[in-house]
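Please read them with the structure open.

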Amino acid sequence: MTSSLLVYLIALPLAGAAILLAAGKRSNSWGHLLGTATSAASFGVGAYLFTQMLGRATSDRAIEQRLFSWIAVGKFQVDAGLLLDQLSICFVLLITGVGTLIHIYSIAYMSHDHDRRRFFAYLNLFIAAMLLLVLGNSYLNLYVGWEGVGLASYLLIGFWNQKPTYAAAAKKAFVMNRIGDMGLSFAIMIAFATFGTVSFAGVKEHAHHASSTALTAMGIMLLVAAAGKSAQFPLQAWLGDAMAGPTPVSALIHAATMVTAGVYLITRSNFVFDAAPNAQLAVAIIGAITLLFGALVGTAKDDIKKALAASTMSQIGYMILGTGLGAAGYAFAIMHLLTHGFFKAGMFLGAGSVMHGMDDEVNMRKYGGLAKFMPITAVTFGFGYLAIIGVPPFAGFYSKDKIIEVALNAGGARGILLGGAALLGAAITAFYMTRVVILTFAGAKRWDAKAHPHESPVLMWLPMAILAIGSITSGYFFSRGDALRNWLAPVVEHGHVEEQELLSPEVTSLLALGLVLIGVAIAVLKYRREVADTAPTNVSIFTKIARRDLLQDDFNEAVFMRPGQAITSGLVSVDEKVIDGAVRGVGAMTLGSGSAIRTTQNGYVRSYAAAILIGAILLIGAIWVVVQ
Amino acid sequence: MDASYYLYLAALLFTIGAVGVVVRRNAIVVFMCIELMLNAANLAFVTFSRINGNLDGQVMAFFTMVVAACEVVVGLAIIVTIFRSRRSASVDDASLLKR
């Protein structure tokens, strides 16, 4: 029974995390091995399930496993259940595959860290939560994984929380993600109120006859959720700071897998968005804005990890744009997600390898000419670079060009605007990635005398090499005979897809390639000469704005943080003055009246007698008045 | 003779007793004033018994006397004990319960 294997996908890494956290220091010597082994075992189970799935007919490839009845309250029935279909298997293989490679890489990368065991525990926790996210068969099950990856992300960004800025970065990511999580919980509530169920199958079944208002609201809320998790405009500000985490974390969580959860969510909810065109358009617009936003930020960053983070944001913008283009775009969004998982994880690991050799220096202006000293890193990074800018036959060419093509063919002004944004983004991507490569690997050396760049050990370059092979070949395999599109069709395509052609695929590809070449040429011309090892300060206002992440933090601070703090301090003073004042007033009143009345208890028998006498007289007088 | 004069006398005695309890400090005098009030009440009982022509008031007077006798026993014992320990029969000196 293959469906009963599903639970082991999640249980293995979860058990790994539990054992490593519970065993504590005792597992320091073997913790990293166990962590890697559970992740690899999970990949093994995933691969076995994949081969089994290949052997079945298209119609019964999806398998479900019901675990237990989770919530049963009146009409609200939720089972904890897992669903493995053509879409989730892509994610399972990506998460466990890339995850295992990054576990292996981390063994060497984190070898000098005395807390390496805890690091592997969190990585395993992340793998388990991410698998739960993509395997849940209802929005509520997905939500558990969604929160789980948020927790793991928080723990890993703040892994070196002895530095206050790193701890603050973790908190920032956590708080901004909360906004997205609110969106998801609202979407779940809307789904229950409208459809009476929160399972994917149930919502899909009823999506046709729901009101368009409800569907649009749900779609917008899902978009908010996706924007929070995937660092899309306007909730993008946390991703750059998330680079505070160790580099393998940036590669796994903040490039290859967790940040793509928003793309998964939208693709999984395709039946909602297909029935709510306005929400779908909003998705495409957010994607287009973010891909330009990220690309512009990427051009100005000197920190290699932050440049790559901006690039991640931009590439996820492409994916979100793809999912916003309807049935034609889902498959290509997922394809770009998978190829991006290879080349961006590979480049992040490359950046980690460079940092490893350069004493954790991240400023690219302090690099230069590293290709000679780190040939393997340079070559694997180079393959990732060629893949991301979209040079054929590397992976990014197949996936990104397809998204651009679908965007251009979306019809009318919408197609021209979205497609134009995607094309422009491709040119800027080519520019800033060329800049990263030139600053890091080419030119004259600019590092300090005390740095001794050296190639990383085999445990580090082997995963990079495997990911580089993925960045070369994966695009070809996915697009050969529309393999991935046909594979995903049962999940995402309902009814026929309208084909409108603005430009033929060949023309689009040539146009994109031309723009990419222009971007590369500008970067080569600009950075071919000597590069200053400190960032020049006499730059235009646009560069300054781009260096400040297009003022995203300034905006958030001015619009949300400051007024929020004002409201908070106002409420604190209300609490202290009004509410506490009332409570203290009651106390003071009781004390005061008590000490006033206390004087009557003076201990003199005669005054008691007098009081009794007066009381008796008053009582008799009152009775007399009443009787009269 | 009109029985109501006895009632006036009883009221007068009661008032003297009550005032004495409130204004005098000597415990013995206070005690005597209490006795005075009890006996004023007894007088009133007996007078009402006379007026109404039955024996209820008389019986009540006996009860009062028994209670008064008990009270004297207990009260004098307390006064003597206080006097022994404090060398004073003033009721104002015995105001320690407050503290």
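1. Start with residues 6-23 of chain B. In this predicted model, that span is 100% helix and 0% strand. Its end C-alpha atoms lie 26 Å apart. UniProt, in an unreviewed entry, lists residues 6-23 of chain B under "transmembrane region".

2. The same annotation also lists residues 28-48 and 60-83 of chain B. Residues 28-48 of chain B are again 100% helix and 0% strand. Here the end C-alpha atoms are 30 Å apart.

3. Next, the interface. How many residues of chain B are in contact with chain A? Eleven residues of chain B touch eight residues of chain A. The two chains bury about 830 Å² between them. Of that area, 62% is on carbon and sulfur atoms.

4. One salt bridge is counted between chain B and chain A. The side chains of B:Asp92 and A:Arg606 form a salt bridge, at 2.6 Å from N to O. Side chains of opposite charge can pair when their charged atoms come close.

5. Over all chains, the structure holds 14 salt bridges. One of them joins the side chains of A:Asp85 and A:Arg268, at 2.8 Å from N to O. A:Asp85 sits in the loop between β2 (76-84) and α3 (86-109) of chain A, and A:Arg268 in helix α11 (residues 261-268) of chain A, so the pair ties together parts 183 residues apart in sequence.

6. Two UniProt domain annotations fall on chain A. An unreviewed entry assigns residues 70-120 of chain A to "domain: NADH-Ubiquinone oxidoreductase (complex I) chain 5 N-terminal". In the model, residues 70-120 of chain A are 57% helix and 25% strand. Their end C-alpha atoms lie 30 Å apart.

7. The other annotation is "domain: NADH:quinone oxidoreductase/Mrp antiporter transmembrane", listed by UniProt (unreviewed entry) for residues 138-418 of chain A. Residues 138-418 of chain A are 76% helix and 0% strand. The end C-alpha atoms are 32 Å apart.

8. Now a helix pair in chain A. Two packed helices are described by the angle between their axes and the distance between the axes. Helix α5 (residues 139-157) of chain A packs on helix α6 (residues 164-195) of chain A at about 170°, with the axes 8 Å apart. That angle makes α5(A) roughly antiparallel to α6(A). On α5(A), the contact residues include A:Tyr139, A:Tyr143, A:Trp146, A:Gly150 and A:Tyr154. On α6(A), they include A:Tyr166, A:Phe174, A:Arg178, A:Asp181 and A:Ile188. What is the make-up of this contact in nonpolar, polar and charged residues? The contact of α5(A) with α6(A) has 15 nonpolar residues, two polar and four charged.

9. The peptide bond from A:Phe233 to A:Pro234 is cis, with omega near 0°. A:Ala231 lies in the loop between α8 and α9 of chain A too. Phi of A:Ala231 is near 55°, a positive value in a residue other than glycine.

10. Another cis peptide bond joins A:Pro392 and A:Pro393, with omega about 5°. Where is A:Pro393 placed? A:Pro393 is in the loop between α16 (375-389) and α17 (395-408) of chain A.

How values were computed. Residues numbered from 1 in each chain as written. Chains lettered and ligands numbered in written order. Predicted model: local features only at pLDDT ≥ 70, side-chain atom pairs only at ≥ 80, totals over all residues. Heavy atoms only, no water. Axes fitted to C-alpha atoms, helices over the stretch in contact; angles between N-to-C directions. Helix = DSSP H or I, 4+ residues; strand = E, 2+ residues; numbered from the N terminus. Parallel < 35°, antiparallel > 145°, perpendicular 65-115°, else oblique. Contact = heavy atoms within 4.5 Å. Nonpolar A, V, L, I, M, F, W, Y, C, P; charged D, E, K, R; others polar. UniProt positions renumbered as here; feature names shortened; annotations may be inferred. Buried area = accessible area lost by both parts, 1.4 Å probe. Salt bridge = Lys/Arg side-chain N within 4 Å of Asp/Glu carboxyl O.
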